[in-house]
Amino acid sequence: MELIQDNPYSKITIKKICQTAEISRSTFYLHFDSINDVLNAVLDDAIMTTSTDYFSINDFSVDYLKENESLIPACQRVGSSAKYRKLLLDPDLTEYIVGRIMVHERDRVVPAIQKKTGLSKEDAETLFLYTLHGSFAVNRANHFWKNDQWYHDVQLLNKFTLNGYRALK
């Protein structure tokens, strides 16, 4: 995480990681097979699963969202940590990060979408992909800063998404 603050991911090497962590290459390889394994460990640590209670939100007010952070989607919660913000803003990693969030969230969110909408698994996965990519894009546009514009955008996205789910039922 220290290296990503000053370097794009594409410029980080195993050598730099070992120097920064003050470990040898052999120690690195005892724990990881590649730089991508390190990235996966960092992302896995960052990603918290989305509560299925997200689908029962009826109050989209800023105060409610501030008090119920666990109800907002993963990419919105991960970005709230300054520790991960530079990583999330690295343009070379967008698809990779979205893919990692997808792996973590799919088994929890797709069945919740199915329950909320009555859609098939395939259709629920399509909506999941759409909302995940869209949510990530809007969060990136806001630089993952939780300011008034971000809360406005989250309210708008939540209303749009959840009302869309209701319309499909």
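Analyst: Phe136 is buried, because its relative accessibility of 2% falls under the 20% cut-off. This is a predicted model, and every value here is computed from it. Phe144 is buried too, with a relative accessible area of 1%. These two residues form an aromatic pair. Their ring centres lie 5.5 Å apart.

The structure holds four aromatic pairs. Another of them joins Phe28 and Phe32. Here the centres are 5.6 Å apart and the planes stand at 40°, so this pair is tilted. Phe28 is buried at 2% relative accessibility. Phe32 has a relative accessible area of 26%, so it counts as partly exposed. Phe28 and Phe32 also belong to one aromatic cluster with Tyr29.

Now the helix packing. Two packed helices are described by the angle between their axes and the distance between the axes. Helix 3 spans residues 35-46 and helix 7 spans residues 94-117. Their axes come within 11 Å and cross at roughly 55°. The two helices are therefore oblique to each other. The crossing of helix 3 and helix 7 is right-handed.

Helix 3 makes the contact through Asn36, Leu39, Asn40, Leu43 and Asp44. Helix 7 contributes Tyr96, Ile97, Arg100 and His104. By type, the residues of this contact divide into four nonpolar, three polar and two charged.

Key: Residues are numbered from 1 along each chain as its sequence is written. This is a predicted model: local features need pLDDT of at least 70, side-chain atom pairs count only at pLDDT 80 or more; totals for chains, interfaces and linings use all residues. Side-chain values use heavy atoms; hydrogens and water are left out. Axes are lines fitted to C-alpha atoms, for helices over the stretch in contact, and angles run from 0 to 180 degrees between N-to-C directions. Helices (H or I, at least four residues) and strands (E, at least two) are DSSP runs, numbered from the N terminus. Angles under 35 degrees count as roughly parallel, over 145 as roughly antiparallel, 65 to 115 as roughly perpendicular and the rest as oblique. A crossing is left-handed if the near helix is turned anticlockwise from the far one by less than a right angle, and right-handed if clockwise. Contact means heavy atoms within 4.5 Å. Ala, Val, Leu, Ile, Met, Phe, Trp, Tyr, Cys and Pro count as nonpolar, Asp, Glu, Lys and Arg as charged, and the others, Gly among them, as polar. Rings of Phe, Tyr and Trp (its six-membered ring) pair if their centres lie within 6.5 Å; planes under 30 degrees apart count as stacked, over 60 as edge-to-face and the rest as tilted. Buried means under 20% relative accessible area, exposed over 50%, partly exposed in between (1.4 Å probe, protein chains only).
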